[in-house]
Amino acid sequence: MSKQETEYDVLVVGTGASGMSAAVTAAFQGLKVLVVDKAPVFGGTTARSGGWLWIPGTRLAKEQGIDEAPGAARSYLQHEATTHFDAARVDAFLDNGPKAFDFFTENTCVQFDMPPVFPDYHAEAPGGQPGGRSMVTRPFDARELGPRVAQLAPPVPELTVFGMMLGSGKELWHFLRAFKSFESFFYVARRFGGHLLDVVRHGRGMTLTNGNALAGRLAKAAMDLDVPVWLDSTVKSLIVEGDAVVGARLVRDGAPVDIRVRRGVVLACGGFPYDVERRKELFPHAPTGHEHFTPSPALNTGDGLRLGESVGGWVDPTIPNAAAWCPTSVTKRKDGSEGVMPHFIDRAKPGVIAVTKQGRRFTNEAMSYHDFIQDLVKACEGTSEVSCWEICDHKHLREYGMGCVAPFPLPIGRHLRTGYLKRGSTLQELAREIGVPYAALQEEVESFNRDAVQGVDTKFGKGSTAYNRFQGDSMVTPNPCMAPIRQGPYYAIKIVVGEIGTFAGLLTDESCQVLTQDRRPVQGLYAVGNDAASIMGGNYPGAGITLGPALTFGYVVGQTLARQANQPAAQVLPFSAPRERAHAA
């Protein structure tokens, strides 16, 4: 079989936010860019995400009158990253985040909206903010992609309603209140009507929201710049000459292809959520690598990390948390396959507690998903399985839903039949159904109910932080995260450990160049997104801390590669990199 050989300035491996932002930035500067992905669809983990980005100091924040104190964001990240704070990379992110935002919003179809208030997950920590750092991708009309919309990766089915993607924030608020206000009812009716009309006309909904909107917008931006995107194209190895990476060997449509590059190769393969061996090494709750459940794309098997390691790159195994942990539940879909449902906000709603197999609460249920799982792992030390049960009563379930179970008027029968949703007419019957001690469960529920009346969770402080209250129900007083659990029947869903992206990645410098363990650069090789070590140091400071750096460092690496060209400085957009690189502490 003959081998095809092609030359480009830049090869980007991966079609998520980090890879596509790198490709768009480099192509906008006039470089010849090729993007490849081994999946038959584009969008990667981004297409399945919430589409939120955490970038301090953007124009959107300033337009809302939020002008941060100098150094506040840096102090916050230093507090969050602790032992793995990398000053140079953090400074590069903070310097270039607003510039990346301006570049994309002023030159492409990539647009965002910012709610007036969306607190950092630890807003009370040094440098934390009650709002102004998290923004969400603006909904996008998929018809702008033309026939390529068929190749856009779908969202997680468990996060849709009849195949319709729900926008975060105000749209979700309307859906939860569809039978409580005429305004919300008519909003939902119009939204459903438009979706059904799209399905009839186009075979799918055309209003993209959340991560699907971001993936679609970045794809359209690349299309506008004539950037070729090869799907079903697997990179097998990197081509090295001397000490530099000069290309990659891949297989496309069953045929080998050598891609030579004049500037560099950018790894953006989505991390390692489906690499069982690396999970076994880095996930303490998964001793065999299989005790883990993820909604990430199944083809995210750690290719980028292995490619980087093959030429001297290093993955730091000491990061405190190797992934962005998320409580998940495993459901059975109508076609018999398994689905993984991430539990982002249902735990914060009033009338919900989580208990271990011993029937005991173990944490503030309204805290961030990442923090929740860390406490769950600690609570389950010495047991055979890291899991818990999310508990609520009938009133709560029909008003808010829980996990995959939608609120009234959607039926719950299928979830009961599959065993995903457990039910007991009394609390004692539920305890027997889920195998927890009734006396312990009864004690926890009674204690929670007493506290709910006063609005103060005396055990774990549910509803005590700005983030807790934001995710609760503002219509419930005195605590938006607490309401008595006392109207049978009672329900439970089993929670296990999952993630929404991996944190442990290749060591890189502030320009995204891959480094060896002794911090020597691997010439010609760059890593972004979940293929690069998270600048958050294994913590999760706020909504969008993967996509914010993904977009920013995609922009940074695109600018870095463009600056290698012999262009007048005026043609290159501003790029800030600290003069000195500090080693991680």
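Contact here means heavy atoms within 4.5 Å of each other, and helices (H or I, at least four residues) and strands (E, at least two) are DSSP runs numbered from the N terminus. This is a predicted model, in which local features need pLDDT of at least 70, side-chain atom pairs count only at pLDDT 80 or more, and totals for chains, interfaces and linings use all residues. Residues are numbered from 1 along each chain as its sequence is written, and side-chain values use heavy atoms, with hydrogens and water left out.

**Helix H9**
- After H9 comes Gly-312, with a positive phi near 105°.

**Helices H1 and H16**
- The axes (lines fitted to C-alpha atoms over the stretch in contact, with angles from 0 to 180 degrees between N-to-C directions) of H1 (residues 17-28) and H16 (residues 547-563) come within 7 Å and cross at roughly 30°.
- H1 and H16 are therefore roughly parallel to each other (angles under 35 degrees).
- Residues of H1 including Ala-22 and Thr-25 meet residues of H16, among them Gly-554 and Tyr-555.
- By class, the contact of H1 with H16 has eight nonpolar, six polar and no charged residues; Ala, Val, Leu, Ile, Met, Phe, Trp, Tyr, Cys and Pro count as nonpolar, Asp, Glu, Lys and Arg as charged, and the others, Gly among them, as polar.

- Three strands form an open sheet in the order S3-S5-S4, with antiparallel pairing (at least two DSSP bridges between two strands).
- S3 (52-54) and S4 (112-113) are the edge strands, each pairing on one side only.
- Three bridges link S3 to S5 (residues 134-137) in the antiparallel sense, and Leu-53 stands opposite Met-135 in S5.

Note on methods. Parallel < 35°, antiparallel > 145°, perpendicular 65-115°, else oblique.
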